[in-house]
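Subject: Handing over the structure

Hi there,

Here is the structure I promised to pass on to you. Have a look at it first, and then read on for what I found.

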Amino acid sequence: MTTALHYSPLLPTLWLLPLFGAIALWAFGPQLRRNAGYVGSAVVLVSFACALALFGEATLPGNPVRVPLVSWGPGFDLGLSLDPLSLLWTLVITGVGGLIHIYSIGYMWSDRAIARFFAYLNFFVFAMLTLVLSDNLVGLLVGWGLVGLASYFLIGFWFYKPTAVAAARKAFVINVFGDIGIMFALFALFAQTHSIAFNDIFAKVATFSSGFVLLACIGLFIGCAAKSAQVPLHTWLPDAMEGPTPVSALIHAATMVTAGVYLIARFAPLWSTSPAAQELVGIVGALTMAVGAILAMGQWDIKRILAYSTMSQIGYMIMGVGVGAYQAGVLHFFTHAFFKAQLFLGAGLIIHALHDEQDVRKMGGLYQRMPFAFWAMLLGTLAIIGFPLFSGYYSKDAVIYGVLEHGHPVLYGMAVGAACITAYYMFRMIFIVFFGPYRGDVPDALLAIAPAATAAEPQEHVAHAPDWLMQAPVAVLMVPTVIAGYVSIGGANSPWYRYFGNLFGGADTAPVAAPLIPEFGSTALVLVLVALGIVAAYVRYGAPAAQAAAIDRLRRETLVMPARLRYLLWFDDAIALAIVRPSQALGGGISRFIDPHVIDAGVRDVAWVAGALGLAFRALQSGLVRAYALTIVIGAACFIAYFAYIGVPR
Amino acid sequence: MIGALVIVPILAGLALYALPRSAENAAKWIGVVVSFAAFVVAALSRDAPDESLVWLQRPFTASFHVGFSATGYASAGYWIVLLLTLATGCGLMVARLPQMLVLLGAMTGVFVARDLLLFALFWDFMLIPVFLVLIAWSPTKSSGTAWKYFVYNLCGGLALLLATAAYGIFAGTTDAIGKVAGPLSPSLPAAAETWIFAGFALAFLIKTPVWPLHTWMPDTYADLPPPMVAVVSAVQSKAGLYGFIAIGLSLFPHAMAAVAKPMLVLGAISLLYGAFAALVQDDAKRIVAYSSLSHLGLVLLGIFSFNPYALGGAIVYIVAHGLFNAGLFITLGEIEVREDTRSLSRLGGLAARNPKLGGALTIVALAALGLPGLCGFAGEILIMTGLYQAGHHKLTVVALIPIVLAAAYMLRAFQGMMQGPEVEDVPQRPDMTPLEIFAIAPLVVAIVLLGIDPGPVAFPARAAQTVGIGPAQPPPFVVSDK
């Protein structure tokens, strides 16, 4: 396909550096102690620099940088490839990842296991790079599995907490369920193409039957749904907030959970040939978007609010790439990585300052105490709700209108509605956290908080890092949070669309239907609804009267909330009822009943028969020589008779 | 040299019996040196010539014929011997059992034997050291498990011996393993092939074990002391699968094809049955035991789908399973030595106190649950690629389910022991000693290397061609374009 091998030593370097970093930090952690943070951050930033240096080479049209690695067997050739799509992810992983590393130095300053933390973070970066740089399905699966492992390690980082341990296991098992979906797609595609390489697979897409493409796409999408927290496999994501906040920012907001978006964009040549698969992905993405937005309205934990908003925003991305608006969906990934990282890091500033308080009911009035955090959160909020001139405005608008352009009016309606809800729950958070009276010293009973519900493990806060160490990365992130969307100004002629060229199949992804409403009208509609959401949040939580009565209102809402909260638990209960408990019952039945009382009992019966036969034959061993002689004669007669009648085998 | 691989460990093991009890430490080091020397010799003997000595002329020719240079499927034996010597060496680091060396020699004999009669003799011989250990070391002080193990496996051994004798009578010689890829004797009547194969197959199925012949296995694994259970589960259990590959595929191709369907069903049942049973065990060793039932069922699927990828994957998985199972049982043994229990309900939070032990268990458990990038995944993916390619689409879906279950039970075991709040009422003992780390390190390195590149194990002929050593040989099957 491609002519000469376009090799660059920078590519393996940027890929392996974080792995070496992880190994070194793991091996020399006790010696490095707090310096581990600087080493880990430096490694990732060098990777970022390498990626930047490769920008020109990687974006040559149709000629990605390639590095062959290892060949398992015929058709199983593993290698790396850096093209515009993987370059984009690489830049975000190492760039935003590097900032989050620096932030973590301050956040984890007083944790004794800081070296282990950075070893895991570096390992995550390596795994994520493996995922996006692989030029084949097996390498992608390896990255896919390893990011799941890194996520497992980091969710369960404080492994003495039973909740963290349970959350880590849940995340891992659900993600393995996703892995087997991709594995199935791999087997199916390999049987058709005799190769695991993306290029070989895409070269034969035209020969696939539509049913086959749908099957392969469903397999791939199971993987996407698990990794990107799509309904109904999303239940691990809110629990994953048990991990340290920088982890939530890096893995469970900016990078790993968007792997599903990457996979669909990567497989655009396959997806574009199956309208049924596109329909399915679009619907699931839209449902996730709606469910996430609805659930975010009812949360009290600041990280869970952000987690559900992440889920909702990934729903937007998945819906976008699903229906064929690849550039728009990927753009939303790009802007989301910045503003959601910023929101999580801002939340981390608050959580850190309040000594691990995550319950927004116990916050309030923080505007005066933490103006920097306020501005960080406000900018992030304006971006995520799609406020004009902020990055999210461009990407979300592109997704919403892209869905309409590709002929899905119902999904379009849901997307517009979710935008309104997004504005509401984000400003609900802003008002509750930053305005009104500070409620940190209000007794839990007054706010109707159940005692165990918010029991945070006390952390050792012997020493604090300098404030700038955590604020500087947030300040840097503010810039792209505002301007990242400007790359797409100019529509199809914008730098963003030219960057990808015809990577997603060019003409195939062009809009199929004339939209019902013009783009301008759509934008205006979204903006009106967003304004409506903000106003609703203001009336309920932000207006002076509401602020004055905040404690009373929060108490009342807490009292009615459990009914609504249970809604989010339905998914958990359904999975437990339909899958987990029957499996355990089956396992218990096997080991407590079938093995000892059916199979072994059968064997015992055989043994009993053997024993009985032994008793019977014992009678023959009488010690009488004449009886023995008789049996010999009988035996010989049988023997002769056999060969006389049946014959000797040649 | 290859004969020495078999004989020296047996003699060394017997000699160790004679050592006085005070020389325990010396005995341990003799064991370690012998087994690692065996590993080096095995590694260097890839292309060593066969050694053959005829010792029986009638009623059929039989010889003491051992070697690695077999063509076709029997070359899988090389990788298993490599694994075997490695696992035994690692196991011996943490215990001092002359029986281990005898077992090492006997098992090596099974995998290097190129003569069916020799194979059958070693097959039965390797029961004896395990049986003796079970009798002597049974934690329950009852010989029930020992007899269960012995009678089950002896039934298989007897069938194997009878089938071997019958084969010798029909074919005139038992010197047949690895000689040919195809039916050895055109004179073998179809009915005879079927019945002889049935004898072999029964022995193989019991040894692996495959549902419903498996119930000896959880008891045996639970009762055997750590280093021996590591070697038994890592290698002895592979003798049956190796038999299907090295003997079944080349000597009884028609019979193998005829029983493919029932075998695939048995494999699928084992796969699910073991995985579900492993979900709820409280004894960590029983979790690993049932997971073995599940994992080896997958290998059976690989063998009986008659596809080059599936077969290559089966060999990879045989070696991979040996590596991670040996690692699992060695680490579980170290936990049991420290905490005096291996019950999940009584353990917890060990990683806080024993981070190195936690790290070791993490890697082997991850390999066992099929983490991409480690050896278990490489085997799984190749087996199922072939399974699907061979047209068994629904079976592929069935085979995928236990991967999720494996993640659940392996993490349950790992977290139950290592994570969560620390349990107070267990002894507080120190982390792994350097020797214990050194014992597990070779397994971990091999787990990672095989995970990165399973190619040489899966497609040895291809690897030999690319590096220019060894005879070029055609792939065992042609990739069908179905």
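This is a predicted model: local features need pLDDT of at least 70, side-chain atom pairs count only at pLDDT 80 or more; totals for chains, interfaces and linings use all residues.

The average pLDDT of chain A is 85, and 93% of the residues score at least 70. One stretch to treat with care is residues 453-458 of chain A, where pLDDT stays under 50. For that stretch the model has seven contacts beyond four places in sequence.

Let me begin with chain A as a whole. It contains 26 helices and two strands, and its C-alpha trace spans about 115 × 65 × 55 Å along the principal axes. Of the 650 residues in chain A, 53% are buried. If you take the contacts in chain A between residues at least 6 apart in sequence, 81% of them join residues at least 24 apart.

The crossing of α5(A) past α6(A) is left-handed. On the α5(A) side the residues that meet α6(A) include A:Y120, A:F123, A:F124 and A:M128, while A:W144, A:V147 and A:F153 are among those on the α6(A) side. Sorted by class, this contact of α5(A) with α6(A) has 14 nonpolar, three polar and no charged residues.

The other pair is helix α18 (residues 371-384) and helix α21 (residues 467-483) of chain A, which pack at an angle of about 25° with their axes 10 Å apart. That angle is why α18(A) counts as roughly parallel to α21(A). Here, too, the crossing of α18(A) past α21(A) is left-handed. From α18(A), the contact is made by A:F372, A:A376, A:L379, A:G380 and A:A383, and from α21(A) by A:Q471, A:V474, A:M478, A:T481 and A:V482. Seven of the residues in the contact of α18(A) with α21(A) are nonpolar, three are polar and none is charged.

Next comes the meeting of the two chains, A and B. Their contact takes 42 residues from chain A and 45 residues from chain B. On the chain B side, the elements that give two or more residues include α13 (260-278), α18 (375-389) and α19 (393-418) of chain B. The largest share of that side, ten residues, comes from α19(B). By class, the side of chain B that touches chain A has 30 nonpolar, 13 polar and two charged residues.

Finally, a closer look inside chain B. Helix α10 (residues 226-236) of chain B is mostly covered, with eleven of its eleven residues buried. Among those buried residues are B:A234 and B:V235, and B:L83 is in contact with both B:A234 and B:V235. B:L83 sits in helix α3 (residues 76-92) of chain B. It has 27 C-beta neighbours inside 10 Å, so B:L83 counts as buried. Beyond its neighbours within four places in sequence, B:L83 also has contacts with B:V319, B:G322 and B:L323. B:L83 and B:P456 are 373 residues apart in sequence, and their C-alpha atoms are 14 Å apart in space.

Enjoy exploring it!

Best wishes

How values were computed:
Residues are numbered from 1 along each chain as its sequence is written. Chains are lettered from A and ligands numbered from 1 in the order in which they are written. pLDDT is the predictor's confidence in each residue, from 0 to 100. A crossing is left-handed if the near helix is turned anticlockwise from the far one by less than a right angle, and right-handed if clockwise. Helices (H or I, at least four residues) and strands (E, at least two) are DSSP runs, numbered from the N terminus. Ala, Val, Leu, Ile, Met, Phe, Trp, Tyr, Cys and Pro count as nonpolar, Asp, Glu, Lys and Arg as charged, and the others, Gly among them, as polar. A residue is buried if 20 or more other C-beta atoms lie within 10 Å of its own, exposed if 12 or fewer, and partly exposed in between; C-beta atoms are placed from the backbone. Axes are lines fitted to C-alpha atoms, for helices over the stretch in contact, and angles run from 0 to 180 degrees between N-to-C directions. Angles under 35 degrees count as roughly parallel, over 145 as roughly antiparallel, 65 to 115 as roughly perpendicular and the rest as oblique.
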